[in-house]
Each structure stands twice: as structure tokens, then as C-alpha cells.
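Let's take a walk through a protein model, one piece at a time.

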Protein chains: 2
Amino acid sequence: MGKMMTIDWLARAVPQAGRLYPYVPGKPVETLLQEKGLDRAIKLASNENPYGPSPKAIAAIKKTAPEVNRHPDGDATLLKTALADFHAVDTDQVLIGNGSNEVLELLIRTFAGPGDEIIYAQLGFIVYALATQAAGATGIAVPEADGLTHDLDAMAAAVTDKTKVVCIANPNNPTGTLHRNESIQAFLDKLPRNVITIVDEAYYEFVADQLGDSVHNLSHPGLVISRTFSKAYGLAGCRVGYAVANPDIVGLANRFREPFNLNLLAQSAALAALDDRDWVMAHVAETITERERLEAALRSMDMSGGHSFGNFVLLRHSQSSEILQRLENHGIIPRPLAPYGMADYLRISVGLPEENTEFLSVLEDIVHKLGRCG
Amino acid sequence: MGKMMTIDWLARAVPQAGRLYPYVPGKPVETLLQEKGLDRAIKLASNENPYGPSPKAIAAIKKTAPEVNRHPDGDATLLKTALADFHAVDTDQVLIGNGSNEVLELLIRTFAGPGDEIIYAQLGFIVYALATQAAGATGIAVPEADGLTHDLDAMAAAVTDKTKVVCIANPNNPTGTLHRNESIQAFLDKLPRNVITIVDEAYYEFVADQLGDSVHNLSHPGLVISRTFSKAYGLAGCRVGYAVANPDIVGLANRFREPFNLNLLAQSAALAALDDRDWVMAHVAETITERERLEAALRSMDMSGGHSFGNFVLLRHSQSSEILQRLENHGIIPRPLAPYGMADYLRISVGLPEENTEFLSVLEDIVHKLGRCG
């Protein structure tokens, strides 16, 4: 394969390749077990649904397994139709991606290239910045007003005639902050009508009570609302995300979509999970109860990083990297937020009740020892 | 969603959006059944493995189903390691994609943008042209010398200092033509060392006897050999493809890859299918036997479009669109090649023996009636 030849392939790549670095995912369980010589671990690193996928989704996957010699429907017709019904929109308003990650990337690639600007919050979901870099566009990262919350006024003020896309995460990952619809609508009203505005609601189900029907309650010609099956729906392994938007916007993004971007099994699983809404919402309620318990405990230890509206909590401590190490020694995997420049923070996904109890117990022990011995 | 507003979103999109049209997949079985009021159909449109996925792959999917609430390993470590072992290369030489489609697209996006040129055969796999357009690069489509076979001399002669990538499909879909390794190597020897040269071996397993170990037998610094699990491995629904190349090339393409591009279920299925090589090769042999039978029958009807080295045959007839209609009326779905400018051709995937027999029987009847009544 010519492995020994020395050619500067970076110099042959498109210019943005040099500025682009891969996403750092949460540490896999297997990696930690190997590193530490442990036989079990609790992964609280990736905001997954600890209760599993819906039983209906598991059954759908098993039923579809013998058919994977066939291509998936390239238009994901059944899933798209079900999502259109669910949101009371037309099917041509639904864009489906291999995870909402692909939805975001498709939209950014479709509307922004070299010379164009994309606005996002400095602590917004990191994929906005990565997809902007990959498209060769210029990212404008707007600092948070209070350290954690999207500064919508500053973001609106950052819009120029080069702005093609604005990305808002609501609630945001990793900061857990939320803007109510009235704030988002006031923000949308300030934007030029022809700016694509992605409101990324990956954690929507955890704030459904606060946001209501955002798809119909928010209004802007360039509005794109994205959702995912990776969080509350418990299908992170299937990679299914989608967006609802103006049909022209969806149609253009579809031109950049690969013909069979969504796996046959993923289509079946998402369709079944969407049909098991009661299961999803019951576990959302349990997750919120557990989140409140975790946050109360962190506050009582004076380690809370602020209230989170997602399925995760924020731990803040000046010795967070030491705490990270010691949690991992006990087989507990949190997510360090240093890649976001939040060096004092760890993000802890809400686990099963017994996992959360174990996490708190280990954490108390760690803090006790840290306090005594440094 | 502002559906009623009139903004010219195409004018807001990147310039290449206007030239880009989506891939037209084979007609889904469900669509034909609805159109024709039929209750069964034989899909010979998408070069799938009619024998199904390997039983080991089905078992792996079922076993993994309850775990899809967890993210896949973003690096697909187990699969990548197995593929590296299989090809006797290092893991950093393996690029894994959501189908080989994504592998091709990642490589093209990484190395080509506006002003750069990509060379492919006029009748080469259509995804090369689509990915080139999506990247905003300039496609150079080189005509075939004899109407069907990649003209490697003309392709080498088309290289300029703007050429970043050359794509060769071997065997090619949809023409079924093959170049032996000596021809490919002679071609590689003519290319500048720093041109990425993708040899797309999606149909490799059907010509393994002819090509041997192409990964090690071919040599060029920019050589990329791509393979897929969608054809002989019977996993078209899972979307797993990969390429083997210089680690720097793989590393750069990985920068553009989405963090979790490969579904958890797909990783399990591909790993199991790779481990069931005997099953795969047994069905490859049956497919080749059936292909020879189909080609002999087409020749005897004076309708052969030339020998195919893939898991499909070519039917050539001046009334091919009429034949297409009548086959579909009988629930048989071939693939029209008009999108490739091959209006006289239908591509027929090799089906199960009984499906091929039924196809031939229906075809003979159609041709008989066409001959009598036009």
C-alpha cells in the first residue's frame, strides 16, 4: 500500500483538513476495564438512556435482522411518514440522518462553505464547531453571558451578512441550560429571515413540559428543529436523528445526503420506539426524579455545577481531574468537560437508581479523602 | 415552520447545491406491489445477496439488539482490528464507513474541493460523480473505449495538475467489466505518486480468483482499495464499507468522519459476517454458477449486454423500457440503466435459482410477444 513512501498528504487535502480534529467520545467501558483491571463499570459518560431501548424497538430489530441482505429504503418512507404524523407536518418537511449529528452536518454543508459564517455558543454542543470546520466555513463562537447559558442577545448581535447558519442547543449539552420558547422566539424575531436557524432539541423529551409543541409554537422561515432517538428514546447505538423544517431547506439538504444513510435496522427500531411513547415518557420521568436526587446531593457537597435540564448533571470542583481519576478507579466513567474549556467540570449522565447511588457513595468517599489528604 | 414564506433557499446554499441531484435507488418491492396490485415480487434491482445475511450475522444482530441504548464504539475497534488482521495491514490503514458510499464520499471530500478535478469512467459507479458534485469539485468523466470497459489509458491521460482523486471500479457496476491486476498496476505506474487512486472493489468476492490479494499485490502511494459488506457478505441493510490505504490518508479522512458513523448493530453484524467466510464464499460460488446460466440464456435470446464479473448480468435490447414495464407487471424488478445513458440496457441481479428461472421464463414470454406484436 506504499506505506513507506513519504508524501505530505495533508498538503494535498482541502485547506480545512489542517484545522480539523476528531471528536473525542466518552471512554468505552471495555477500555476502562482494561486500563484498570476491573470486571465491571458504570458508564455515565454519554447521556444514554440507562433503562435500555424500548422492548418494542428490541423486538423490531430482531424481526428485521434476517432481512439485512436488502438495502434500506433510501427515503426511510415509513419512518418519515410516522414522524410527519407525529409532528403534524408534511413528509417533505422531515430530514432524516444517521444520528442528529448527520442532520446537523448535512445542514451546515448545504448552506455554508469557505467565507460563510456559522454562529454558535462557545459552550454549545461541540459538533457545531466540528461540522463548521469540516465545511471550511468560519465558526463564530459567542461566549455565554453567565458562564453557562447561551447569550441569545450577543448571538443575534453577532449576525452579519456572511451568517448562513445559527445553531442553538436547547437544552444545551454539556451545560444543561434551557431557554423558554418566548426567549427563543424573541431571538428568532431578531434574525434575518434567510438565516438557517437550527434549534437542536436533542434533549427535548426531558423538557417537553416546559417547551410544549416547539415545532408549531416557534416561527421563523429558516427555522430547523432537530431531534434525536439517541437520548430519551434509548437508541444511541442505532444512530437516528431528524429535523423538521421548510421543505425547500429539507430538499436541498437531501441532495447532500448519501442514498442509504439510514440503516435498515435503525429504521425499524426508530419506528417501533416512536410507537412506544409511554415507555419513553415513563423513563423520562424516572430520569428527572433521579437527576433531582443527584443534583441535591451535589449541592449538599457544594459541588453542583448548576441546574441541568438534560439527562445529566454537572459536577464542579477545582480538583475535578483528580476526582475523574478516582471515579474511574472505581469503575465509574463520567465525562470530563476540559475539551469545552470547562476544566473544573465533570458531566455525569443520570444512570439507573442503583448506579446513581453507587456513584454518590463513591464520590462522597473520594471527597472525604481529598479533604483529608489532598 | 414558516412554510408559507418565500425565500430562495437554493440561492442561500453553497454553489454546488444547484448542480446536485439525488441518487435514484432501485424500486422498493413495496412500491411495485402497490403500483401493480401484486402480492409478491422478485427484486433483482440492487445487486443484493439473495441468500440472505449469514446466519452468524443474524445471530449477532439479535444478541446486540438489547444494547442499542449505548453508543457504538466510535472507532469500531473490534471490526477495524478484524479487518486489519484479515488484510494483514495495520489498524490505522483501515477506514470504516456507513457503507462504502460513505468511504468514497469521505475520501473525495477530504482531498477535493472547488477547482480540483476527480477522474472517473463515464459509466463508472454513479456515486463518484455525485460525491464529486457534493464536494464542489470538477468531475472528469472519461468515455469507455469499447462502450463498457474503463479506458485506463485515456483515464491516465486525463490527469492534470488539478487531479486530486481517480476512481476505478473493478469490477465496475453497472457494466460488470474487470481489469486484471496487471492492467491496474500498469495504470497506477503512470499516475503521479500524490494522486489518491481509489480502486473500488465492491464486487471483489466475485473475482477473488482473478484478483487474488489486490491489497498487497497492487502498489501506489495514493492507492486506496475499498470493499463493502453490502454485496457478497449480504449486509446491504447494515451499511458497512471500508477502505485500506496509507495511514496518513486514512487519518485525514477520519477527520471528516462523523464520530459515530457506524451503527452498533452494523459493527456486530459485519464482525460476524467476516467470521463466516465459508458461508460467504459458498454463496459466491452459487451466484457465479447462476450468473453463467443467466448469461447463457440471454446470449441464446440474443439479448446479452456483455459478460459481467459481478453478481448481476446485463440485458441489452432496443425495447428495454418496454421489457422493463412488462417484467414489473409480472412482479420482477430489474434496474434500468438509463440514468447511466445506457438506454438499451437493464441490469439484472442474480437471484435465487428459482427466481432466475422465473425471470427467464417471464422474459422469454415477453420477448415472444414483443416479436409477434411489437
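Start with a pair of facing residues: Pro336(B) sits opposite Leu346(B), which belongs to β12(B). Bear in mind that what you're looking at is a predicted model. The pair links two strands, β11(B) and β12 (residues 345-349) of chain B, which run antiparallel and are joined by two bridges.

Now zoom out a bit. These strands belong to an open sheet of three, with the order β9-β12-β11 (chain B) and antiparallel pairing. Helix α14 (residues 320-329) of chain B lies across β9, β11 and β12 of chain B, at about 35° to β12(B).

## A seven-stranded sheet in chain B

Chain B also holds an open sheet of seven strands, and here the pairing is mixed. Reading across, the order is β2-β8-β7-β6-β5-β3-β4 (chain B). Its edge strands, β2 (94-97) and β4 (138-142) of chain B, each pair on one side only. From one strand to the next, the twist averages 20°.

For a closer look, pick strand β3 (residues 117-121) of chain B: four bridges join this strand to β5(B), and the two run parallel. Within that pairing, Ile118(B) faces Val165(B) in β5(B). Helix α5 (residues 100-111) of chain B lies across β2, β3, β5, β6 (196-200), β7 (223-228) and β8 (241-245) of chain B, and runs at about 115° to β2(B).

## A hidden asparagine

Is Asn172(B) buried or exposed? Its relative accessible area is 0%, so Asn172(B) counts as buried.

What does Asn172(B) touch, leaving aside its neighbours within four places in sequence? Its contacts are Leu123(B), Gly124(B), Phe125(B), His150(B), Thr177(B) and Phe312(B).

## Two helix pairs in chain A

Over to chain A. Two packed helices are described by the angle between their axes and the distance between the axes. Take helix α5 (residues 100-111) of chain A and helix α6 (residues 127-134) of chain A: their axes come within 9 Å and cross at roughly 40°. That makes α5(A) and α6(A) oblique to each other, and α5(A) passes α6(A) in a right-handed crossing. On the α5(A) side, Asn101(A), Leu104(A), Glu105(A) and Ile108(A) meet Val127(A), Tyr128(A), Ala131(A) and Thr132(A) of α6(A). Sort the residues of this contact and you get five nonpolar, two polar and one charged.

The other pair is helix α4 (residues 77-87) of chain A with helix α12 (residues 264-274) of chain A, packed at about 25° with axes 9 Å apart. What do we call that arrangement? Angles under 35 degrees count as roughly parallel, so α4(A) and α12(A) are roughly parallel to each other. Here the crossing of α4(A) past α12(A) is left-handed. Leu78(A), Leu79(A), Ala82(A), Leu83(A) and Phe86(A) in α4(A) meet Gln267(A), Ala270(A), Leu271(A) and Leu274(A) in α12(A). This contact has eight nonpolar residues, one polar and no charged.

Notes. Residues numbered from 1 in each chain as written. Chains lettered and ligands numbered in written order. Predicted model: local features only at pLDDT ≥ 70, side-chain atom pairs only at ≥ 80, totals over all residues. Heavy atoms only, no water. Pairing = 2+ DSSP bridges. Contact = heavy atoms within 4.5 Å. Axes fitted to C-alpha atoms, helices over the stretch in contact; angles between N-to-C directions. Parallel < 35°, antiparallel > 145°, perpendicular 65-115°, else oblique. Left-handed = near helix turned anticlockwise from the far one by under 90°. Nonpolar A, V, L, I, M, F, W, Y, C, P; charged D, E, K, R; others polar. Buried < 20%, exposed > 50% of the residue type's maximum accessible area, 1.4 Å probe, protein only.
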